[in-house]
Amino acid sequence: APATASPLRRRALGVGAAILASVLIWLVGEIAGVDYTVKNPDQPEMVIGLGPVITISLGSALLGWAALALLERFAGRRATAIWIVLAVAVTVLSFVPVVTTDATGGAKVALGAMHLAVAAVLLALLPVRRP
């Protein structure tokens, strides 16, 4: 894609790349034998399969895009800076369940890597680059 790709195209690419990054990390963990079973108090044991990885990555990416679009509409020139702060804060908060859930070390590393990968891709591709 040329450097002048439309923001819509760039953002759609960002969403796809965020999902792909999570899927690849999940697959590497699966191949390496990671047990993706997580246990939380008062909830049934759950295995984090590829479906939830795709769904959560897609949902997170679309919410990030929507938040940025709203900020661009209502916050003017500060929209990108505000969005970056929010994205970093949400990423940090997303580690609370990773750290507090009962899961193997391998699962926690893989899930944490997915959180970071989605955030990194979205931070790199969603904001509009001004020349």
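**Entry 1: helix α2**

I looked up what covers the buried residues of α2, and the cover includes α1, α3 and α4. Contact here means heavy atoms within 4.5 Å. Buried means under 20% relative accessible area, exposed over 50%, and partly exposed in between, with a 1.4 Å probe and protein chains only. The model is predicted: local features need pLDDT of at least 70, side-chain atom pairs count only at pLDDT 80 or more, and totals for chains, interfaces and linings use all residues. Residues are numbered from 1 along each chain as its sequence is written, and side-chain values use heavy atoms, with hydrogens and water left out.

I then listed the buried residues of α2: Val53, Ser57, Ala61, Gly64, Trp65, Leu68 and Leu71. The helix has 25 residues. From first C-alpha to last, α2 reaches 36 Å, close to the 36 Å expected at 1.5 Å a residue. The expected span is 1.5 Å times one less than the number of residues. After α2 comes glycine 76, with a positive phi near 60°.

**Entry 2: the whole chain**

I counted four helices and two strands in the protein chain. Helices (H or I, at least four residues) and strands (E, at least two) are DSSP runs, numbered from the N terminus. Along the sequence the pattern reads α-β-β-α-α-α. The C-alpha trace spans about 45 × 30 × 20 Å along its principal axes.

I checked burial next: of the 131 residues, 34% are buried. The chain exposes about 8100 Å², and carbon and sulfur atoms supply 71% of that. These areas come from the Shrake-Rupley method with a 1.4 Å probe; for residues, only the protein chains shown count as cover. I also looked at contacts between residues at least 6 apart in sequence, and 69% of them join residues at least 24 apart.

**Entry 3: the UniProt record**

Where does UniProt place the feature "transmembrane region"? The unreviewed entry puts it at residues 12-34, 46-68, 80-99 and 105-126. UniProt positions are in the numbering used here, feature names are shortened, and annotations may be inferred rather than shown by experiment.

I compared two of these spans with the model. Residues 46-68 are 83% helix and 9% strand, with end C-alpha atoms 32 Å apart. Residues 80-99 are 100% helix and 0% strand, with end C-alpha atoms 29 Å apart.

**Entry 4: helix α3**

I moved on to α3, residues 79-100. Its 22 residues reach 32 Å from first C-alpha to last, close to the 32 Å expected at 1.5 Å a residue. Which residues of α3 are buried? They are Ala79, Trp83, Ala87, Thr91, Ser94 and Val98. They sit on the same side of α3 because they cover an arc of only 100° around the axis. The arc is that of the directions from the helix axis to the C-beta atoms. Their cover includes α2 (50-74) and α4. The face turned away from the buried side carries the exposed residues Val85, Val92, Leu93, Val99 and Thr100.

I picked two residues and asked what they touch. Serine 22 is in helix α1. Its relative accessible area is 1%, so it is buried. Leaving aside neighbours within four places in sequence, serine 22 contacts Val53, Ser57, Met114 and Val118.

Valine 121 is in helix α4 (residues 105-125). It counts as buried because its relative accessibility is 17%. Not counting residues up to four places away in sequence, valine 121 touches Gly14, Ala17, Ala18 and Ala21.

**Entry 5: aromatic rings**

I searched the whole structure and found one aromatic pair. Tryptophan 26 and tyrosine 36 are stacked, 5.6 Å centre to centre with 15° between the planes. Rings of Phe, Tyr and Trp (its six-membered ring) pair if their centres lie within 6.5 Å; planes under 30 degrees apart count as stacked, over 60 as edge-to-face and the rest as tilted. Tryptophan 26 lies in helix α1 (residues 7-31) and tyrosine 36 in the loop between α1 and β1, so the pair ties together parts 10 residues apart in sequence. Both residues, tryptophan 26 and tyrosine 36, are buried.

**Entry 6: aspartate 42**

I finished in the loop between β1 (37-38) and β2 (46-47), where aspartate 42 is found. Most residues other than glycine have a negative phi. Aspartate 42 is not a glycine, yet its phi is positive, about 60°. Is aspartate 42 buried or exposed? It is exposed, with a relative accessible area of 84%.
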